[in-house]
Protein chains: 2
Amino acid sequence: MSPQLLKSLRRANHIIERLVEMEAASVSELAEEFDMPLSTMYEYVNTLENINYITKRSDGRYRVSSSFLEIGNQVLRNHNVYDVAEPEIRRLAEQTGEFAGLMIEEDRAGVLVSMKKGEKVKRLQVNRTYPGVKSRLNTTAYGKAILAQFSDEEIREVTDRYGLHPRTENTITEVDPLLEEIDRIREQGYALDDEECFNGMRGVGVSITSKGDDLLAGIAVYGPPNRFRDGPFLEEYPETVQEYADVIQGNLEY
Amino acid sequence: MSPQLLKSLRRANHIIERLVEMEAASVSELAEEFDMPLSTMYEYVNTLENINYITKRSDGRYRVSSSFLEIGNQVLRNHNVYDVAEPEIRRLAEQTGEFAGLMIEEDRAGVLVSMKKGEKVKRLQVNRTYPGVKSRLNTTAYGKAILAQFSDEEIREVTDRYGLHPRTENTITEVDPLLEEIDRIREQGYALDDEECFNGMRGVGVSITSKGDDLLAGIAVYGPPNRFRDGPFLEEYPETVQEYADVIQGNLEY
DNA sequence: GGCGGGATTCGATATTGTCGGAATACGTCT
DNA sequence: AGACGTATTCCGACAATATCGAATCCCGCC
């Protein structure tokens with residue numbers, strides 16, 4: 001048993017998580033849900049409301065408040081890659097007309113933090129793609145570009161920790177092929193995603209590092225195979241994305 | 001003393017808030033900061049890490065994790081106004097070339113949840129304007145449009161609760177003028193912000209309601225006085241914004 | 001190899017989170 | 001109005017658990 005973890009925090013967290021799923025709930029519903037005495041749940045709810053993590057609607061039910069959004073965005077602002085990359089992501093999306101995004105590494109996983117849709121993008125797997133979503137690094141173009149910055153040793157740690165569960169039939173699910181792929185990425189300087197994360201989505205990604213900030217990130221362009229093939233997919237976009245990465249990288253060091 | 005509020009949750013919250021400001025900190029720095037025993041701070045930090053609210057960087061220091069961003073955006077997705085309004089905000093920004101945003105009401109304050117910059121927008125008071133920021137309802141165009149949905153009685157409650165502290169020299173700081181202004185808004189159907197929130201920023205806002213969802217929101221266009229004057233400010237934009245609000249309102253009821 | 005500072009663990013203690021039950025407020029239906 | 005059912009708050013007792021000091025570990029540095 002993990003020694004000394006504050007039980008009330010864990011409980012509070014579970015309540016929040018569940019409440020996100022439930023969208024809204026009354027105190028008694030929550031007490032029911034967690035099979036806790038009403039009075040105890042009241043103390044949690046009151047406290048969570050007091051610190052502004054949840055908010056009471058006019059019908060008396062509670063929902064998770066926008067503080068999470070606020071804090072999340074404040075944290076984003078702390079990463080100076082975000083400030084630097086954000087306008088470039090936008091320009092990249094405009095120039096290519098496709099989807100462009102910025103991912104940062106956190107706990108050896110990828111967090112999508114910024115995204116813009118170009119004019120060619122009809123609509124996205126919106127459900128799956130929003131700021132803050134985490135994904136395994138081996139599944140995406142930015143992710144693989146980030147992975148390529150790790151040593152083989154570290155990569156094995158990552159795969160051991162998170163596994164290599166497939167997301168599509170193209171996902172790389174074995175370590176050795178992954179390491180080969182990573183080697184290729186290291187050589188050519190960019191990573192390709194051939195429908196390995198989403199069906200109908202190909203992508204081109206490049207990594208960005210900031211030593212001083214102890215930070216690892218990646219940018220990528222994504223689009224459908226009918227537009228992402230041959231020249232654009234294999235030459236044009238890799239070059240374009242690399243140029244944007246260079247700009248960002250440059251601006252990072254002032 | 002507020003009876004029965006869970007102390008550990010409050011403390012955890014303070015730690016998170018402080019850690020956002022500090023960007024990164026070691027356990028001992030935090031213990032110092034809060035003047036708590038090291039061992040106690042360890043338990044907080046370990047627990048917060050365990051529930052993924054903070055994350056340990058490679059240098060051993062901690063920072064607030066992206067979970068907040070993730071949860072925040074999940075919550076956003078729960079509001080169906082967001083889904084409906086988001087594309088319209090984008091189109092509104094494109095059509096006008098100005099800044100367009102969506103605000104929702106929460107705890108009688110305004111939360112900016114979506115924003116797009118049109119091509120004419122050079123750069124914003126970016127520091128002050130990001131998803132999740134709260135502002136008093138009397139200070140903005142969307143805010144005032146939202147306020148106009150409340151009864152005079154309720155408006156007085158709001159001002160009593162949050163006060164009417166000026167943000168610029170144009171901010172309305174007295175209740176009676178505010179109520180007059182709100183009356184005007186109710187009649188004409190839209191709200192104007194003449195540099196009442198930010199110097200150099202005028203805006204036009206309209207409210208959106210969704211009875212079924214017990215929800216109150218507003219959209220607005222913002223821009224500089226040199227482009228926001230006479231016709232556009234007084235006639236064209238109000239009409240445009242109203243049209244977009246109608247579309248959103250319509251889509252809300254399926 | 002010894003020294004020092006930070007990180008981490010451990011165990012005793014009392015603080016505080018927990019819980020049942022009582023008391024109160026609120027709304028609805030008859 | 002009155003009576004019921006539900007939601008919410010209050011209370012006191014108990015035991016779990018958060019807390020804290022001190023001991024231990026770890027690592028870089030002299």
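Of the atoms of DNA strand C that come within 4 Å of the protein, 70% are accounted for by sugar and phosphate. The model described here is a predicted one, and the distances that follow are computed from it.

Phosphate oxygens of DNA strand C are approached by side chains from both protein chains: a polar side-chain atom of Tyr44(A) lies 2.7 Å from one, an N or O atom in the side chain of Thr40(A) is 2.9 Å from one, and for the side chain of Lys7(B) the corresponding distance is 2.3 Å. At the level of secondary structure, H3 of chain A, helix H1 (7–22) of chain B and H3 of chain B each supply at least two residues of this surface, and H3(A) gives the most, with 4 residues. Sorted by class, the surface near DNA strand C has 8 polar, 5 nonpolar and 4 charged residues.

Sugar or phosphate contributes 60% of the atoms of DNA strand D within 4 Å of the protein, while the rest belong to bases.

Helix H1 (7–22) and helix H3 (38–50) of chain A, along with helix H3 (38–50) of chain B, each provide at least two residues of the surface near DNA strand D, to which H3(B) gives the most, with 4 residues. This surface has 6 nonpolar, 6 polar and 3 charged residues.

Chain A is divided into domain 1, covering residues 7–65, and domain 2, covering residues 72–252. The centres of these two domains of chain A, taken over C-alpha atoms, are separated by 36 Å.

Helix H4 (residues 67–78) of chain A packs with helix H4 (residues 67–78) of chain B at an angle of about 140 degrees, and their axes are 7 Å apart. H4(A) and H4(B) are therefore oblique to each other, and their crossing is left-handed.

How values were computed:
Residues are numbered from 1 along each chain as its sequence is written. Chains are lettered from A and ligands numbered from 1 in the order in which they are written. This is a predicted model: local features need pLDDT of at least 70, side-chain atom pairs count only at pLDDT 80 or more; totals for chains, interfaces and linings use all residues. Side-chain values use heavy atoms; hydrogens and water are left out. A residue is near a molecule or strand if one of its heavy atoms lies within 4 Å of it. Ala, Val, Leu, Ile, Met, Phe, Trp, Tyr, Cys and Pro count as nonpolar, Asp, Glu, Lys and Arg as charged, and the others, Gly among them, as polar. Domain bounds come from an automatic or database domain assignment. Axes are lines fitted to C-alpha atoms, for helices over the stretch in contact, and angles run from 0 to 180 degrees between N-to-C directions. Angles under 35 degrees count as roughly parallel, over 145 as roughly antiparallel, 65 to 115 as roughly perpendicular and the rest as oblique. A crossing is left-handed if the near helix is turned anticlockwise from the far one by less than a right angle, and right-handed if clockwise. A polar contact is a pair of N or O atoms within 3.5 Å; within protein, one must be able to donate a hydrogen and the other to accept it, and residues adjacent in sequence count only if both atoms are side-chain atoms.
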